[in-house]
Amino acid sequence: MSEIHVALEGVGKTYHVGGGGMFAKARPLYAVDDVNLTVMRGETLGLVGESGCGKSTLSRLIMHLERPSTGRIAFEGTDLNAVPANALHAARQKFQMVFQDPYASLNARMTARRILAEALINYRVGSRAAIAARVEEIAAVCGLQPYHLDKYPHELSGGQCQRIGLARAIALEPTLIVADEPVSALDVSIQAQIINLILDLQRQMGLTLIFVSHDLSVVAHIADRVAVMYLGRIIELAPVFDLFAGGAHPYTQMLLAAAPRPVPSARRRGQAVAAGELPSPLDPPSGCHFRPRCPFARERCTRERPALRPYRDGHTVACHFAEDIAAERT
Amino acid sequence: MSEIAVAPRPLLVDLLALALRFLRAHREVSVMLALIALMALVGILAPLLAPDPAAINPANRLKPPSAEHWLGTDHLGRDVYARLVFGTRTSMSVGFSVAAATTLIGVVIGLYAGFARRGGAIVMRINDAMMSIPAVLLAIALASLMSQGLTAVIVAITIPEIPRMVRVVRALVLGVRQQPYIAAAVSIGTRGVPLVMRHVIPNTLGPVLVQATYACASAIIASAVLAFLGVGTSPDVPSWGGMMADARRQFRLHPDLMLYPGLALSALVLIVNILGDRLSDAMDPRKARRGIL
Amino acid sequence: MSAPPLLKVENLSLRFTGKTGSLHALSDVSFHVEKGEILSFVGESGCGKSVTAMSILRLLPRSGVSYPTGRILFDGADLRTASERQMQRIRGGRIGMIFQDPMTSFTPVHTVGMQIAETVAQHRGVSHGQALKRARQMLDLVRIPDAARRLGAYPHELSGGMRQRVMIAMALACDPELLIADEPTTALDVTVQAEILALIDDLRRELGMSVILITHDLGVVAQVADRVMVMYAGRIVEEGCIEDVLARPSHGYTAGLLTALPLPGPHNHRTRLAEIPGAVPRLDREIDACVYAERCAFAEARCRSGLPSLAPAGASHRAACVRADAVAAAMAGNDIVRAWA
């Protein structure tokens, strides 16, 4: 647990939107903004936040599907954006991704067998016979029957497709899996199956897991540490029980209060829990991005961007007044 | 369960299996394809089905239908039925050659435009410029620049058709590139040509085929227009457009000479268009069952 | 509760018939909605919860759909035999509806103000000016800031949460007695979801309307529903007051749903969740046994031999399970159940 697996230093990703036309000027969109994060070998990091907060972009950056605009990402100590293409290609075996949409993440024109074999063929792991045997083996590990392998994705259920997605991700025996909302599109009973499978695979293979989700109860269940993102920035990073005991950042507190839970205390009839709209990411507020929605905002929040700073043991927060707010709440 | 199943099958085998499944599921498409095959057969077997279309017999001009000349004769005494049957060859070979050439060239350019950032923008501007010229006009201009012959006609019609295909392919490629299965393929180390052949092309195939049928239909009409205007093909080669041009002078007394090639042309274009329509319905993921083509 | 219920559905069965056979989408569904209450349908995809709502509104295509049995009594009149004209007056008039994706309910080419006003003008027969005034009031009602300006906005110019509010405004513009909300917050972020749910809850209080809330999320149900109806494979398996159902779940499927949920707390962290084995049964034939028996952890031989009927399992609580007592006893230790007991 003590070895750093992935380290992000000042990572940012800026898109330019609205350009392309002859007359419109492109405006910068800071999808990910100065993110510093280290992920330890074998740990499960939960990444939560609402749509547009940058959690998907961050996972694509970690997967090296995109290049960061600023900063560097060190995977097992190497900045793979600074090495030749072939070195990146070789390194890709080590980190794999699981996607949200079980159907859209599989090529509808390929059978499950070909989907699973593709990774092994790309890296020429063994003879054809060896690859064929390995495909059946990983399929079995992921709870698929041999007859599932000759089916096309549309002939399978969502849960089965997600099992194929997981099998594809572990085919190359990676050390890191980035799971981007892997159970959001599934029914509750299937969700449990896939979460169990992810937990099992992680234990068997000693995987590091980055688990991205908007569903707080799932993240609370699976993650060791949780990072909360808001408009491209990590605003709180804490061990799971510290965070779910009531976060230090007002946004985390709002998220936790808003999450629907099947317990009587969650019945808040008639009272609004959350305030305000998410500001446009094209025109974020100055200083602290959460300021316009924050009940504790003061003048300093307008002026100064709060840095992610130590709050307690292993718990960091990007809020100027976290201590004051905590005192006020008790 | 054998190793053959695991090895990446060639694209062609895959496509054939896919096509068979598809035809079984969509009857109207199969019927239209059968009709087109029938017309193609007529064109191929023309020498067996009809007498010499070029035989001139001035004594036998403008005769009504008879046992010898099923649809009568034209102003040079040539057999109208024979010219109609042989004309199928011209129309179909132009239509299908243009469709094939447009698809091939259009897909290549479209893929480039969809993947290259800067180069793509340049290609699209050239594309836009070409699309601002009416296709038939451009074809006429091109055909009159070239020597006479079927190849020249095909080239002249293909060039104005390409930009449309490029536009369709590029839009599709841009859409497919955003799909999670592409990100998944990149993650497992698929890159370059295999990425395009395995993941991009198969998933753009449906709309491209539909566009190809539209190209085919418009090429058949364009070839008739060229022949009607006497550009490109020599008057000796029997073609429906040429027949209509010849019939113009006798239109008052012998409107049937105009009617036969006109009907044949309309029928073929209609069949190809219906095929395109049904194909696009069948391939629309919102209408068809998920996943089949 | 002596007043007759606003909506009473009796023994509704629905069959889809296609080329390849028929599908028993609903079997013997009976329930009622009281005035002013929120009734929630829960269940997984394909359980029949949306189809039930579509049947009430008669929004299903005519071909291929048949109702072997059943009546849908809305304020005493059977909607199944109502004329299409009557239905047009009821839809969007006396019964409002909102869907998961607001974009599908709007025309992209008109402003939202126009669209609300048009609904009002159509159902109320008022002038355009009055209808626009009503639209403005409605946007205020659903707490859209700066309503006057938003009237001129096109649907794509609004955020997801804002669009959902406008759709609610449109659904409520004609003072419906019943609001049918099909997964109204599924596509929204949790903070926006909380706002929309609170809004629906507030509005039904202010306007005294009834709500049918369709969702797959037990958390949403627990938050706002008065009563809950758990559906599985086209049947109601358990139904009752939210407090009763969650304090004493009495059907194997409800138990399965509850135990499959990840729960907070260190003793639950990273433990294996209870899976529901197998898959939903094919509905291509009549099942004359418990539909859930094949997947149920509590199933016995008698579960597979006869169809259990909805029997009382508490004061205002019914379950179609012969093992109801065993399920309730086994679930007594569950964290969620303990919280409600």
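**Entry 1: chains A and C**

I looked up the A–C interface and found 46 residues of chain A in contact (heavy atoms within 4.5 Å) with 50 residues of chain C. The model is predicted: local features need pLDDT of at least 70, side-chain atom pairs count only at pLDDT 80 or more, and totals for chains, interfaces and linings use all residues. Residues are numbered from 1 along each chain as its sequence is written, chains are lettered from A and ligands numbered from 1 in the order written, and side-chain values use heavy atoms, with hydrogens and water left out.

Two pairs of chains are in contact, and A and C share the most contacts. Chains B and C do not touch; their nearest C-alpha atoms are 12 Å apart.

Next I looked up the area. Chains A and C bury about 4,000 Å² between them, 52% of it on carbon and sulfur atoms. Buried area is the accessible area (1.4 Å probe) that two parts lose on being put together, summed over both.

**Entry 2: what joins A and C**

I looked for salt bridges (a side-chain nitrogen of Lys or Arg within 4 Å of a carboxyl oxygen of Asp or Glu). The count between chains A and C is one. A:D200 pairs with C:R272, and their closest N and O atoms are 2.4 Å apart.

I then looked up polar contacts. These are pairs of N or O atoms within 3.5 Å; within protein, one must be able to donate a hydrogen and the other to accept it, and residues adjacent in sequence count only if both atoms are side-chain atoms. The rule finds 18 such residue pairs across the A–C interface, both residues at pLDDT 80 or more.

Which helices of chain A supply this side? I found that α6 (188-205), α7 (216-222), α8 (240-244) and α9 (250-258) each give at least two residues. Helices are DSSP runs (H or I, at least four residues), as are strands (E, at least two), numbered from the N terminus. The largest share, eleven residues, comes from α6(A).

**Entry 3: C:E183**

I moved to a loop of chain C. C:E183 lies between β8 (178-182) and α7 (190-207). Is C:E183 buried or exposed? Buried, with a relative accessible area of 9%. Buried means under 20%, exposed over 50%, partly exposed in between (1.4 Å probe, protein chains only).

The side chains of C:E183 and C:H216 make a polar contact of 3.0 Å. Beyond its neighbours within four places in sequence, C:E183 also touches other residues, including C:K49, C:F99 and C:I214.
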